[in-house]
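Colleague: I would like to go through this model feature by feature. Please give the general idea each time, then the case here.

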Amino acid sequence: MKISGNTFIITGGTGGIGGATAKSLSSQGASVALFDILPEEKGAAFAKDLGVGEKAKYYKVDITDSDAVKVAVEDVVNSLGNLKGAVHCAGVAIKREWTNDIAESIPNFKKMLDINVTGTFVVNAHVADAINKPLNHPDGTDKHAPFWTSNEERGVIVNFASAAANPYARVLAYGPTKTAVVGITKSFSDFLGPSGIRVVSISPSIVVSAMTANFSTYFSDDLLKTATFPRIPLTADQITPTVNYIIENVGLNGIDIPVDGGWRLVSLKAGIEGGKDPRELAPGLE
């Protein structure tokens, strides 16, 4: 799939990996639709700062609201045109103080499940349907029209999972939601294959962002202990080349690509470091 001349929806598109992706794709000639929850004026200002004029447009959208996402996607098709895919970066990691009471994680788990899992399904579904509709629903009503059967590539969706998709104790509630993102990637890939739409996920390690800026040195220390190389947090600009590679390489489909420096999430147990449970040194239990 070519980047230049095509339109991509980017969720979480004004900050972190999403913002970096918006800058990367727009600088290569793509039109970008930025879905985020910033106030309209701030989001529009970010889109304007990309310097591509009407080829960047901001939408204030709650990705868990299926109706709102559908309306926004339809507007992207009508206003920017030539929709070829999405880069789904939006997600949350909610932390709390470490305790041994697992039930205390239930409220956070429900919220992360809604945003990280339901939101992924909603975005993937509406983007895929918008790409499919001209072919599979030629009259706007026939939901049982034949699937595409040629080898023409028609779209690509990139989801963001996490190194935490292989969960361990510190990501008790967050990790399984990212495991689900990998699952959605695989099931959508198989479903959409006959339609010429690829779906791939990326699992980064710690990425420098507003979400991680206030963390202690815990993650830096953990990377030094259990990563291979590089043993440091990555920047968003070090993730975007993988997004480009997925979009441009038609052979990538139905897989999760780790961008983690060989980081292996390991729970050190009590008694290893002075008798204290090292997990309690974490900035929080997610």
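Modeller: Start with contacts, meaning heavy atoms within 4.5 Å. Not counting residues up to four places away in sequence, Asn6 touches Met1, Ala30, Ser31, Asn82 and Lys84. This is a predicted model, in which local features need pLDDT of at least 70 and side-chain atom pairs count only at pLDDT 80 or more, while totals for chains, interfaces and linings use all residues. Residues are numbered from 1 along each chain as its sequence is written, and side-chain values use heavy atoms, with hydrogens and water left out.

Colleague: Is Asn6 buried or exposed?

Modeller: Buried means under 20% relative accessible area, exposed over 50%, and partly exposed in between (1.4 Å probe, protein chains only). Asn6 has 8%, so Asn6 counts as buried.

Colleague: Which side chain does Asn6 join through a polar contact?

Modeller: A polar contact is a pair of N or O atoms within 3.5 Å; within protein, one must be able to donate a hydrogen and the other to accept it, and residues adjacent in sequence count only if both atoms are side-chain atoms. Here the partner is the side chain of Asn82, at 2.6 Å.

Colleague: Which residues of helix α2 are buried?

Modeller: Helices (H or I, at least four residues) and strands (E, at least two) are DSSP runs, numbered from the N terminus. In α2, residues 40-49, the buried ones are Gly43, Phe46 and Ala47. They fall within an arc of 100° seen down the axis, so they line one face of the helix; the arc is that of the directions from the helix axis to the C-beta atoms. Glu41, Lys42, Lys48 and Asp49 are exposed on the other side.

Colleague: What do the buried residues of α2 pack against?

Modeller: They pack against α1 (16-27), β2 (31-36) and β3 (56-60).
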